[in-house]
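Let's walk through this model together, strand by strand and then out to the open spaces. Please load the coordinates and keep the sequence beside them.

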Amino acid sequence: MISIANVSKTFGTFSALDDVSLSIGQGESVALWGVNGAGKSTLIKCVLGLHRFKGHIEVGGYDVRQRGKSSRMLIGYVPQELGFYDDLGVAEALCFFARLKCIRLEDPSVVLSSVGLVGHGHKRVRDLSGGMKQRLALAIALLGDPPILVLDEVTASLDACGRDEFVALLARLSGGGRTMLFASHRMEEVAALAKRVVILKSGRVERSMPVAEFTSSQTTGLVLHLTMPVPVRD
């Protein structure tokens, strides 16, 4: 579904991506792993056609540069930083983005129900919690039932409870042959959602491995420190 070949991207003299090649098959879920500045978000934006780059990227057989609109029609995208019109109602916002995507939306409540926002359609966007806004962003990404989901650090701003709920929701949605590419630096997300992990370092692919191998390699165990006063040490 996604083919990335020899992609490089520079910002001035800084090399954000350096000869990155990666292939993601239909129904595969791939996590991009790396420290801040490793190139995860830059690579995602290249896939979306938001950055100019050297190399070649195809999504669903469409060249991202030559057939950008066709390739993006296959993608549902949830960014790290959300941008909504806060004065719109939730259902109204969903309809607005559906019109932008030229998608006919018969009943917004059906889409809202799929992401756990039943009964919230009448609320203003500004009145939603952070976790609910992320669910709304996911509902917008799912408009038109795209075969590919692209997610960029989508739980970074959520608390632990909201993060767990959102990851569980994504895990339910990732079935049915949908392809997923997502950036994360949280082990629990990668373990729950990915089949394969691609490690980026300084804009290059350092390693690609199955998720089980990755999680086992990252396990460092637990160290328990006990402070015991001298009289009870024996």
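Strand β6 (residues 75-78) and β7 run parallel and are joined by four bridges. Strands here are DSSP runs of E with at least two residues, helices are runs of H or I with at least four, and both are numbered from the N terminus. Two strands count as paired if DSSP finds at least two bridges between them. Before going further, please note that this is a predicted model, in which local features need pLDDT of at least 70 and side-chain atom pairs count only at pLDDT 80 or more, while totals for chains, interfaces and linings use all residues. Residues are numbered from 1 along each chain as its sequence is written, and side-chain values use heavy atoms, with hydrogens and water left out.

Back to the strands. Ile75 stands opposite Ile148 in β7. β7 also pairs with β8, again in the parallel sense, over five bridges, and there Val150 stands opposite Leu181 in β8. How many of the residues of strand β7 are buried? Five of the five residues of β7 (residues 148-152) are, so this strand is largely enclosed by the rest of the structure. Buried means under 20% relative accessible area, exposed means over 50%, and partly exposed lies in between, using a 1.4 Å probe and protein chains only. In a regular strand the side chains alternate between the two faces of the sheet. Both faces of β7 are covered, with Ile148, Val150 and Asp152 buried on one side and Leu149 and Leu151 buried on the other.

Glu153 is not a glycine, yet it has a positive phi of about 50°. Most residues other than glycine have a negative phi, and most peptide bonds are trans. With a relative accessible area of 8%, Glu153 is buried. Asp19, in strand β2, also has a positive phi, of about 55°, without being a glycine. Asp19, however, is partly exposed at 38% relative accessible area.

Helix α6 (residues 160-173) is where you will find Val167, which counts as buried at 9% relative accessibility. Leaving aside residues up to four places away in sequence, Val167 touches Thr155, Glu189, Ala192 and Leu193, where contact means heavy atoms within 4.5 Å. Val167 and Val154 are 13 residues apart in sequence, with their C-alpha atoms 9.5 Å apart in space.

Val154, Glu189 and Leu193 turn up again in the lining of the largest cavity, together with Leu151, Leu170, Phe182 and Ala183. The elements giving two or more residues to this lining are β8 (179-184) and α7 (187-193). The volume of this cavity is about 30 Å³. On a 1 Å grid over the protein atoms alone, a cavity is a set of points where a 1.4 Å probe fits but cannot get out; a pocket is an open set with protein on both sides within 12 Å along at least five of seven lines; lining residues have an atom within 4 Å of a point. Grid points are joined across faces, edges and corners, and a volume is the space filled by probe spheres set on the points.

Now for the open spaces. The largest pocket has a volume of about 640 Å³. Of its 26 lining residues, Arg72, Ile75, Tyr77, Lys101 and Ile140 are the closest to its centre. Two or more lining residues come from each of α2 (68-72), β6, α3 (90-100) and α5 (130-141). The second largest pocket holds about 180 Å³ of space. Of the 14 residues lining it, the closest to its centre are Asn36, Gly37, Ala38, Lys40 and Ser41, and the elements that give two or more residues are β2 and α1 (40-47).

β2 also belongs to an open sheet of four strands, with the order β2-β1-β4-β5 and antiparallel pairing. β2 (14-24) and β5 (62-63) stand at the edges with a single partner strand each, so one side of each is left without a neighbour in the sheet. β4 (residues 54-59) and β5 pair in the antiparallel sense over two bridges, and the bridge partner of Glu58 in β5 is Asp63.
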